[in-house]
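Me: I'm new to this one. Could you walk me through how to read it?

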Amino acid sequence: MDKLAVISDIHGNIPALKAVLSDIKDRGITRIICLGDIAGKGPDSDIAVDMIKENCEIVVKGNWDYFMTECDDNKAILWHRKKLGQERLDYLKDLPMYVEFFMSGRLVRLCHAAPDDVFHRVQSSANYDEKETLFKDPRGGNMEANVVGYGDIHGAYIDNFNGKTLFNTGSVGNPLEITQSSYAIIEGKYGNKENSALSITLVRVPYDIEKAVNIAAQSNMPDLQAYVRELRTAEYRGKIY
């Protein structure tokens, strides 16, 4: 059986990324796929991009990675862009929207938010009609996926319906449900079109939150207090009470 680790939404949080990569290594997993949002929000987008390039076999684009290369009128984005430098920005700009492969007879498609749109946000509470849109062929054909995995919403879950499986990895660097990093493991026969056993596991990894807070505080990063509060409470800064 082959194992793939699927990570997402690092957001420049290096203590969290190191903890997750260490856990993946301890499990003997060597193939890692990243579903984007490497940069932004946290203080070390540059280091995060370098670590993802070094450790991940495949990387797809997130909405924050898009912002980094396309937005030039936001002070927070410009702060992160300056740290990234042109070479890393070029790397983010060229990232694909999704990746797909067969595993244990299922067509698995992985993306950040939706295969054809980094801004198409589907919450875990969405109805099945909305969730089923994620399985459609992004090329406009009839190759619907059997399994779809995504990031974006910073909340991990697995849902099964109509013979399909939808899962969210949660977030490595900015979890918004519990104060631990999250990622997914897919286990099966990679590249095999014959139907056989397949499993998806969600993994929670504790990390040194106060170390991440201290790094952020020393960086003079924008939106510091909102970021620190999210790390410590796992409550989204835009939540309305």
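**Starting in a helix**

Reply: Let's begin with Ile47, which sits in helix α2; helices (H or I, at least four residues) are DSSP runs, numbered from the N terminus. A word on the source: this is a predicted model, where local features need pLDDT of at least 70 and side-chain atom pairs count only at pLDDT 80 or more, while totals for chains, interfaces and linings use all residues. Residues are numbered from 1 along each chain as its sequence is written, and side-chain values use heavy atoms, with hydrogens and water left out.

Me: Is Ile47 buried, exposed or partly exposed, and why?

Reply: Buried means under 20% relative accessible area, exposed over 50%, and partly exposed in between (1.4 Å probe, protein chains only). Ile47 has 37%, so it counts as partly exposed.

Me: And where is Asp46 found?

Reply: Also in helix α2, which covers residues 45-55. Asp46 is buried, because its relative accessible area is 15%.

Me: Which residues does Asp46 touch, leaving out those up to four places away in sequence?

Reply: Contact means heavy atoms within 4.5 Å. Asp46 touches Lys83, Leu84 and Arg88.

Me: Which residues touch the most other members of the largest nonpolar core?

Reply: Such a core is a set of buried Ala, Val, Leu, Ile, Met, Phe, Trp, Tyr and Cys residues joined through side-chain atoms within 4.5 Å. Here that core has 42 residues, and Ile7, Ile38, Ile52 and Tyr183 touch the most other members. Helix α1 (residues 14-26) gives the largest share, 7 residues.

Conventions. Helix = DSSP H or I, 4+ residues; strand = E, 2+ residues; numbered from the N terminus.
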